[in-house]
Amino acid sequence: MTPVILSGGAGTRLWPLSTPKRPKQFLDLFDPLSMLQLTLQRCADETLYRKPVIIGSGRHIEIMQEQMQEVAATSGEIILDPCARNTAPAITLAALATENPADLLLAMPSDHMIRNITAFQKAVLASVPVAQSRWLVTFGIEPATGYGYIRQGEPIVGSTKSWSAEKFFEKPNQENAEKMLADGGYHWNAGIFLFRADSFLAAMENYAPKILTACRTAMDSKRTDNGLCYPDPEAFASAPSDSIDYAIMERAETVAVTPTNPGWSDVGSWDALFDLCNKDEQSTVIFGKAVTIDSGKNLIHSQDLEISVLGVENLIIVPHGNRVMILPRGQSQNVKKIVQRLEGED
């Protein structure tokens with residue numbers, strides 16, 4: 001399999017730590033290693049994977065290459081998309097760069113956390129025969145409320161681990177989400193996919209031909225420099241911006257879901273980070289130096305400053321550079337409002 005690592009995201013939901021110059025995938029949120037480095041290590045087994053194709057932004061090439069060197073990771077190709085066009089065009093660039101149309105591509109974001117690598121690898125391996133049979137495979141995580149869902153259909157003939165993906169659902173409200181969980185057969189959409197390159201391109205031809213045409217033109221007119229691939233900027237910019245979910249996965253007929261429970265999180269907010277981390281005796285998560293007195297259930301993430309709190313609960317406190325963000329836990333999805341306000345003032 002060829003890993004396709006998507007590394008072009010902006011990660012604004014983890015502001016102020018995540019910035020346009022250093023977005024989430026390049027941060028070491030849990031570990032001495034960044035999210036990108038953990039992703040590279042996840043697919044380093046040469047018995048399973050070829051060298052990865054990395055799709056990223058030209059503005060991040062220096063930090064990307066630096067972090068790859070730190071973990072001795074090499075790539076099959078680094079494709080630098082000229083502008084943000086979401087996941088469908090990005091994966092299309094990788095599929096077009098594949099020499100053998102029958103090669104399997106494992107497309108994954110560079111900024112997700114997977115704690116149980118063994119469980120993840122087992123799910124991927126169990127899905128290989130399904131993908132080789134030209135199904136487009138997505139991986140479904142054991143659900144709780146809070147994400148979009150996939151409803152599984154009938155078992156796929158010849159597989160004991162995968163089902164047809166009967167329907168995709170946008171993030172439901174709390175009542176409907178709880179009903180789905182009670183009914184069973186629903187899975188979170190993890191945003192990780194396995195398919196043959198030619199199967200993916202055929203689906204793009206059927207359901208998103210404008211994206212395919214723009215990406216093919218961009219790759220036909222690409223330039224290469226020091227092992228980096230630069231698709232034609234004008235052609236790529238003409239591609240409609242769309243996610244792989246909307247472009248094909250929710251529309252194609254041969255979509256499969258393989259359920260798995262590998263300790264996955266998209267670390268999509270400060271609240272998600274709090275939920276993932278071990279707590280101290282005050283039910284608080286601390287990164288860096290902090291003094292807490294008569295306080296609990298807080299998340300404090302400080303790289304440079306020592307933070308002191310007294311008599312407060314359920315707060316998220318994140319200083320970075322010359323900015324400090326403080327907000328109630330449970331409201332970190334509103335960080336983008338702060339970013340938008342600050343961008344409006346600049």
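Trainee: Let's start with α2. What do the buried residues of α2 pack against?
Mentor: They pack against β1 (2-7), α1 (35-42), β2 (53-57), β3 (77-81) and β11 (228-230). Contact here means heavy atoms within 4.5 Å. Helices (H or I, at least four residues) and strands (E, at least two) are DSSP runs, numbered from the N terminus.
Trainee: Before we go on, what kind of model is this?
Mentor: This is a predicted model, where local features need pLDDT of at least 70, side-chain atom pairs count only at pLDDT 80 or more, and totals for chains, interfaces and linings use all residues. Residues are numbered from 1 along each chain as its sequence is written, and side-chain values use heavy atoms, with hydrogens and water left out.
Trainee: OK. Which residues in α2 are buried?
Mentor: In α2 (residues 61-70), I61, I63, M64, Q67 and M68 are buried. Buried means under 20% relative accessible area, exposed over 50%, and partly exposed in between (1.4 Å probe, protein chains only).
Trainee: Why do they line one face of the helix?
Mentor: Look down the axis of α2: the buried residues fall within an arc of 165°, so they line one face. The arc is that of the directions from the helix axis to the C-beta atoms.
Trainee: And on the other side, which are exposed?
Mentor: E62, Q69 and E70. Just after α2, A72 has a positive phi of about 55°.
Trainee: New topic. How many disulfides are there?
Mentor: The search of the whole structure finds 0. A disulfide would be a pair of cysteine sulfur atoms within 2.5 Å.
Trainee: What about C229?
Mentor: C229 is in no disulfide either, as the nearest cysteine sulfur, that of C215, is 11 Å away. C229 counts as buried, at 0% relative accessibility.
Trainee: Last one. At what angle do α3 and α7 pack?
Mentor: Helix α3 (residues 87-97) and helix α7 (residues 209-220) pack at about 50°, with axes 9 Å apart. Axes are lines fitted to C-alpha atoms, for helices over the stretch in contact, and angles run from 0 to 180 degrees between N-to-C directions.
Trainee: Which residues meet there?
Mentor: A88, P89, T92, L93, L96 and A97 in α3 meet I211, L212, C215, R216 and M219 in α7.
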